[in-house]
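Please review the structure shown here together with the briefing below. The briefing is arranged by topic.

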Amino acid sequence: MRAFLARHWYAYAMVLPVVVVVGALVLLPLAQGLYFTFTNINEATIANPVLDRPASYEFVGLDNYVNVLTGGESYGAFWSTLGRTLIWTFGCVLAHYAIGLGLALLLNRRMRFRGLYRVLLILPWAVPPFISVFAWRYLFNSQFGIINQALGALGLPTPVWLGQSDLALFSVMVINTWLGVPFMMVTLLGGLQSIPRELYEAAEMDGASAWQRFRDITLPGLRSVSSTVVLLGVIWTFNLFHVIFLSTGQNPHTRILVTYSFERFFSGASRDYAVASTYGVLILSLLLVFVTIYRRAMRRQGEVW
Amino acid sequence: MAEVAYVNASRVFPGTPPVRAVDNLELSVADGEFLVLVGPSGSGKSTALRMLAGLEDVDEGAITIGGKDVTNTPPKGRDIAMVFQSYALYPHMTVAENMGFALKLRGVPKAQIREKVAEAARMLDLTKYLDRKPKALSGGQRQRVAMGRAIVREPSVFLMDEPLSNLDAKLRVETRANIAALQQRLGTTTIYVTHDQVEAMTMGHRVAVLKDGVLQQCASPRELYDRPANAFVASFIGSPAMNLKTVPLTAEGARLDGLVVPLSRAALDGAAAEGLSEVTFGVRPESLRLASADEDGMEMTVELVEELGADAYVYGSVRIGEHPERFIVRVDGRTPPAFGQQVKVTLRDADEVHLFHPETGLRLSA
């Protein structure tokens, strides 16, 4: 043991800072959160040093999970919120991917001002998200927003975009699409440029039309990049809090799992840390299941590049 | 099966000044012929091939395949198959799918595709590998798949763009012979691009030498070797390269150090008509030999001896006028001279010399 340490102390010393930081910022809160899910901790039962009140929360077993998973209204209607979260996640990622790929294909051609277009299209990504979200809130404003003014001028109905209806979910998805497309575009453009030009030439010689070249060369060539960015996109969007919170706040029509967890933790009559933590653990479990299935599917297809 | 013709075809890349990558190429290839385009890098040989493939525009002139003008026809409509230097195999398809891709796009029934692919695979010894992806194949196997992809199509013209340059030396020699034999058997018109003059000489029925986008000479390998049309072709074809030196002319012939090479009347008259006092004199290493002490010859100091087994190449310097000039002589491999030795060198046969105009480089001797 001493010989081992004498030989490898340097390597351990190098990884120690990372271990400490990850432990303090990730593992410890995770373990604490997991523990909270088995208790009835909330604002009234947590230790409060200001009021000189000791902790009074108790171990309640799986009560929190039972309450949440039975889908009661008072516990955030878990199943319908999950459904909304899935619509939000896959709708956004699909739009990101489709629009990002379209723009990447356009930008991959040789044309004038290509560099300028690239910069302009990456711009939404460079702007701080809260600025973009507030700009969109102005655009969507039902009375003064440019969208409704334009619709009104054309004699079309002028809905309340960010109000108490499912239209709000659509609107926040539009906002998030605007924010997420540049990342997809940049990564897919990189993927497109890594496909050798000879493959297109060979396909052209083999008599492939433009659509057949896209289907048989471009899409397979992008597969490894696509699978990575779609996976990342799903995880990010599933957990994306700020866009929804900044555009509609605590609107139940745009509520997804993370925003509900936040609501439960920071607002309400009693800040219910236990239920908020339960939501956190459930989100983590869902994403783990998703990643496992996804990776297995990818492995079965076989990474080609 | 088709004949191919370039009719004053040019490709001009925009720029300042514009680059004429292929300049007024006039070349016709007979049905079933194996034509090799050869030249140093940047000579326009690949561009010429890509123009025929339809991957590069034809800015001036025209290209015909089988008598049909295809100048503005997209690659799809030209009925040609191409083997790329990088092979350009589709990485996500198996060998069989790669080879059958063109047929699949054409809507050929599956059973028929399978049959044709199997046949080509037999021909190329690929049967065992039909279910593999390209990345699981060796370089030589990938090369054969690329060939197979072209063969399965049964096109009227094969185009090959340096298909052997990614193989190791031994495999290259082997594959060279296989491609030539395959072409013979299929009888398909083939245009083959290479920068390797040995490939050009061994494979082609005819060889077209290009330099700076301009066709220098197109002839059979024998003709190219024996009667190069200009000094560039003379120096490019043959390994090691021909000794080419500018030497003064006298009434009897060309004067080298200690040796006057008698020239034919016709050649001397030709030079006189041009008013030349000097000519570019070319002699191949194998046309020179070591002279015995009592013969006339050039005094040469041996600087390097390359022993190849049967032969040895002796590199040495000879004074011509004021300057030392390097000459290469082929000698018997068993008794080569030593480094630093002084030897006398003479011609094997006074007929085996080539004379070129010292400025234009054009051939003078008949």
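This is a predicted model: local features need pLDDT of at least 70, side-chain atom pairs count only at pLDDT 80 or more; totals for chains, interfaces and linings use all residues.

Residues are numbered from 1 along each chain as its sequence is written, while chains are lettered from A and ligands numbered from 1 in the order in which they are written.

**Domains of chain B**
- Chain B comprises domain 1 (4-232) and domain 2 (240-356), with bounds from an automatic or database domain assignment.
- The C-alpha centres of these two domains are 39 Å apart.

**Cis peptide bonds**
- B:Thr16 and B:Pro17 are joined by a cis peptide bond with omega near -5°; B:Pro17 sits in the loop between β1 (4-13) and β2 (19-29) of chain B. Helices (H or I, at least four residues) and strands (E, at least two) are DSSP runs, numbered from the N terminus.
- The bond from B:Ser239 to B:Pro240 is cis, with omega about -5°, and B:Pro240 belongs to the loop between α8 (231-236) and β11 (243-248) of chain B.

- A:Ala77 has a positive phi near 45° and lies between α2 (63-69) and α3 (78-107) of chain A, in a loop.
- B:Ala88, also not a glycine, has a positive phi of about 50°; its loop runs between β6 (80-83) and α2 (95-106) of chain B.
- B:Ala88 is buried because 23 other C-beta atoms lie within 10 Å; the cut-offs are 20 or more for buried, 12 or fewer for exposed, and partly exposed in between, with C-beta atoms placed from the backbone.

**A loop glycine**
- B:Gly67, in the loop between β4 (60-65) and β5 (68-69) of chain B, is exposed, with 9 other C-beta atoms within 10 Å.
- Its C-alpha atom is 7.5 Å from that of B:Val4, 63 residues apart along the chain.
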